[in-house]
Amino acid sequence: VQLQASGGGLVQAGGSLRLSCATSGSIFSIGLMGWYRQGPGKQRELVARITSGVITSGGITKYADSVKGRFTISTDNAKNTVYLQMSSLKPEDTAVYYCNAFIDATNYWGQGTQVTVSS
């Protein structure tokens, strides 16, 4: 199983970006998908996560307080893909963003994608 993240880039403060993370490989069920980030000199932190509708009624979300109201996590269960729509971006959102998925009782990480927000 592999996770492929995309969509990062450079954006001005107040702008928007949409991150995508597609899964590939042999997958039976996905229990949880999410995004984490690691800013310069900081520890990796949870940004948002969502339970998968494949094995649950699905769609239960959790957000870091710092992104509530600005970021939205969603999934396309048919494509086993998780998205992170980021709006009203701030310089403090600058970080490497990593997608994460709990698939078939195993935790997987994608490669990071850089998000840089200029002031």
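Here are some numbered notes on this predicted model, to read alongside the structure above.

1. Start with the overall layout. The protein chain has 11 strands and 0 helices.

2. Next, look at the outline of the chain. Taken along the principal axes, the C-alpha atoms fill a box of roughly 45 × 25 × 25 Å. The protein chain exposes about 6,100 Å², and carbon and sulfur atoms supply 49% of that area. Of the 119 residues, 40% are buried.

3. How do parts of the sequence come together in space? Among contacts with a separation of 6 or more, 54% are between residues 24 or more positions apart. Here is a pair to find on screen: Ile 30 and Thr 51 are 21 residues apart in sequence, while their C-alpha atoms are 8.3 Å apart in space. Ile 30 belongs to strand E4. Is Ile 30 buried or exposed? Its relative accessibility is 2%, and buried means under 20%, so Ile 30 counts as buried.

4. Asp 93 forms a salt bridge with Arg 37, with the closest N and O atoms 3.0 Å apart. This pair links distant parts of the chain, since Asp 93 is in the loop between strand E8 (81-86) and strand E9 (95-103), Arg 37 is in strand E4 (residues 30-38), and the two are 56 residues apart. Both partners count as buried: Asp 93 has 1% relative accessibility, and Arg 37 has 6%.

5. The side chains of Arg 70 and Asp 93 meet in a salt bridge, at 2.8 Å from N to O. Again the pair links distant parts of the chain: Arg 70 sits in the loop between strand E6 (61-63) and strand E7 (71-76), Asp 93 in the loop between E8 and E9, and they are 23 residues apart. Arg 70 has a relative accessible area of 11%, so it is buried. Which residues make up the network of salt bridges? They are Arg 37, Glu 45, Arg 70 and Asp 93.

6. Compare that with the salt bridge between Lys 68 and Asp 65. The closest N and O atoms of this pair are 3.1 Å apart. Both Lys 68 and Asp 65 are exposed, whereas Asp 93 is buried at 1% relative accessibility.

7. Finally, have a look at the backbone in two loops. Most residues other than glycine have a negative phi. Asn 80 is not a glycine, yet has a positive phi of about 50°. You will find Asn 80 in the loop between E7 and E8. Ser 88 also has a positive phi, near 50°, and is a residue other than glycine. Ser 88 lies in the loop between E8 and E9. With a relative accessibility of 42%, Ser 88 counts as partly exposed.

Key: Residues are numbered from 1 along each chain as its sequence is written. This is a predicted model: local features need pLDDT of at least 70, side-chain atom pairs count only at pLDDT 80 or more; totals for chains, interfaces and linings use all residues. Side-chain values use heavy atoms; hydrogens and water are left out. Helices (H or I, at least four residues) and strands (E, at least two) are DSSP runs, numbered from the N terminus. Buried means under 20% relative accessible area, exposed over 50%, partly exposed in between (1.4 Å probe, protein chains only). Contact means heavy atoms within 4.5 Å. Accessible areas come from the Shrake-Rupley method with a 1.4 Å probe; for residues, only the protein chains shown count as cover. A salt bridge is a side-chain nitrogen of Lys or Arg within 4 Å of a carboxyl oxygen of Asp or Glu.
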